[in-house]
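Try each task yourself before you read the solution.

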Amino acid sequence: MSAVIQNSSGSSQASERVFKALKEARSQLEAIEQARNERIAIVGMAGRFPGADNLDEFWDLLNQGKSGIRM
């Protein structure tokens, strides 16, 4: 009889470990899915552009194949 009790106790512990692992896996999967679907927003941008006063001028400079670097 004690062997039966030990066996069911071991089985119960194994079941608890499996349940805990499944719960952890589900939590990780939910976090991955939430991160994948999370939206992002760019709210501002700033920078310094060599040879130009703004981004549009710098882009034109690059399109013309010129260098904005001065010595």
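The exercises below go from the overall picture to single residues, and the model is a predicted one.

**Exercise 1. Describe the protein as a whole: how many helices and strands are there, and what percentage of residues count as buried?**

Step 1. Start with the secondary structure: the protein has 2 helices and 0 strands. H1 covers residues 2-37 and H2 covers residues 55-63.

Step 2. Turn to burial. The protein has 71 residues, and 6% of them count as buried.

Step 3. Finish with the surface. Its accessible area is about 7,100 Å², and carbon and sulfur atoms account for 55% of that.

**Exercise 2. Find out which residues lie in the loop between H1 and H2, taking Arg 48 and Asp 53 as your examples, and decide whether each is buried or exposed.**

Step 1. Apply the cut-off: a residue is called exposed when its relative accessible area is over 50%. Arg 48 has 82%, so it is exposed. Asp 53 has 71%, so it is exposed as well.

Step 2. Look at the surroundings. For Arg 48, check Phe 58: the two are 10 residues apart in sequence, with 9.5 Å between their C-alpha atoms.

**Exercise 3. Examine both ends of H2: which residue caps the N-terminal end, and what comes just after the helix?**

Step 1. At the N-terminal end, the cap is Asn 54, with a side-chain oxygen 3.1 Å from the backbone nitrogen of Asp 56.

Step 2. Just past H2, Gly 65 adopts a positive phi of about 75°.

Step 3. Carry on to Lys 66, which belongs to the segment after H2. Its side chain makes a polar contact of 3.2 Å with the side chain of Gln 64.

Step 4. Now compare sequence and space: Lys 66 is 15 residues from Gly 51 in sequence, and their C-alpha atoms are 9.3 Å apart.

How values were computed. Residues numbered from 1 in each chain as written. Predicted model: local features only at pLDDT ≥ 70, side-chain atom pairs only at ≥ 80, totals over all residues. Heavy atoms only, no water. Helix = DSSP H or I, 4+ residues; strand = E, 2+ residues; numbered from the N terminus. Buried < 20%, exposed > 50% of the residue type's maximum accessible area, 1.4 Å probe, protein only. Areas by Shrake-Rupley, 256 points an atom, 1.4 Å probe, with all protein chains shown as cover. Polar contact = N/O pair within 3.5 Å; in protein donor to acceptor, adjacent residues only side chain to side chain.
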